[in-house]
Amino acid sequence: MFKALIVLFVLAFSCAVFAKTGEKVENKIPRQLTEREKIILEIKYKVDRETVMGILRKYNNDIAYGIKNKKPLAALQYYTFATAIEKEWLKCRWFVADTGLNMNWLKRIHKLMLYMNKTQKYMEVAKFNGETETPKYKKAVGYLKTAQERLKKLINNPIRVPAKTWEKEKTQKIRWQEAMQRKYKIKI
């Protein structure tokens, strides 16, 4: 009887505590940005060189770790890396002005990621079909290692634009920002 009373007391106490915390936690739906807020974000958007290089190094380290342990990343992962590069930086209007890095250098990295994706797809299909001892599969493994070495070399030696070009791009970006601020009457 005494144990049952204690269990009921603990149950009632825990219900009361959780009921109070449930009131505090509200399921808020994130609000959508207005057109004006989207324009302001677009005008303020800036890509940092250190961020770009850090992310590319992380991608390279993940790929190298997978190849070293003979468990390469899935083909979808290479495609995800390539898509992230394309979406975030290749389509960025002011990438050169913000980072000073050459856009063709970044395109080469993007193409290399897509190539690694295709190579890994072939390797996955060959593994599924049990064709891992064929010369074609072994060549694909070698191609993947070579592509990773090229990627490492590209990331370790980034190609920067000349100083005059970089200054020109920066001034064009500043002029564009000022024009957009006047057009939309935004004070930043």
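Author: Let us begin with Met113, which touches Tyr59, Ile63, Tyr78, Phe81, Ala82, Ile85 and Leu151 when residues up to four places away in sequence are not counted. The model is predicted, so local features need pLDDT of at least 70 and side-chain atom pairs count only at pLDDT 80 or more, while totals for chains, interfaces and linings use all residues. Residues are numbered from 1 along each chain as its sequence is written, and side-chain values use heavy atoms, with hydrogens and water left out.

Reader: What makes two residues count as being in contact?

Author: Contact means heavy atoms within 4.5 Å. Across the protein, 79% of the contacts with a separation of 6 or more are between residues 24 or more positions apart. Met113 is also 53 residues from Asn60 in sequence, and their C-alpha atoms are 10.0 Å apart in space.

Reader: Why is Met113 called buried?

Author: The term buried means under 20% relative accessible area, exposed means over 50%, and partly exposed lies in between, with a 1.4 Å probe and protein chains only. Met113 has a relative accessible area of 0%, and therefore it is buried. Buried residues make up 29% of the 188 residues in the protein.

Reader: How do you know how many helices and strands there are in the protein?

Author: They are DSSP runs, numbered from the N terminus: helices are runs of H or I of at least four residues, and strands are runs of E of at least two. By this rule the protein has 8 helices and 0 strands. Met113, for example, lies in helix H6.

Reader: What is the span of helix H8 (residues 163-184), and what is expected?

Author: The expected span of a helix is 1.5 Å times one less than its number of residues. H8 has 22 residues and reaches 32 Å from its first C-alpha to its last, close to the 32 Å expected.

Reader: Which residues in H8 are buried?

Author: They are Lys173, Trp176, Gln177 and Met180. These residues cover an arc of only 100° around the axis, so they lie on the same side of H8. The arc is that of the directions from the helix axis to the C-beta atoms. The face of H8 turned away from the buried side carries the exposed residues Ala163, Lys164, Lys168, Arg175 and Arg182. What covers the buried residues of H8 includes helix H2 (35-44) and helix H5 (95-99).

Reader: Why is Lys173 called buried?

Author: The relative accessible area of Lys173 is 8%, and therefore this residue counts as buried. Leaving aside neighbours within four places in sequence, Lys173 is in contact with Tyr45, Lys46, Trp94, Ala97 and Asp98. Asp98 is in helix H5, and it is likewise buried at 8% relative accessibility.

Reader: What makes the pair Asp98 and Lys173 a polar contact?

Author: A polar contact is a pair of N or O atoms within 3.5 Å; within protein, one must be able to donate a hydrogen and the other to accept it, and residues adjacent in sequence count only if both atoms are side-chain atoms. The side chains of Asp98 and Lys173 are joined by a polar contact of 2.5 Å.

Reader: Which residues have a positive phi although they are not glycine?

Author: Most residues other than glycine have a negative phi. Lys70 has a positive phi of about 55°, and Lys185 also has a positive phi of about 55°. Lys70 lies in the loop between H3 and helix H4 (75-90), whereas Lys185 is in the segment after H8.

Reader: Are Lys70 and Lys185 buried or exposed?

Author: Lys70 has 70% relative accessibility and so counts as exposed. Lys185, at 69%, therefore counts as exposed too.

Reader: Which residues line the largest pocket?

Author: The lining consists of Ile67, Lys68, Lys70, Pro72, Met123, Lys127, Tyr137, Val141, Leu144 and Lys145. Two or more of the lining residues come from each of helix H3 (49-68), helix H6 (103-129) and helix H7 (135-156). H7 gives the most, with 4 residues.

Technical notes:
On a 1 Å grid over the protein atoms alone, a cavity is a set of points where a 1.4 Å probe fits but cannot get out, and a pocket is an open set with protein on both sides within 12 Å along at least five of seven lines; lining residues have an atom within 4 Å of a point.
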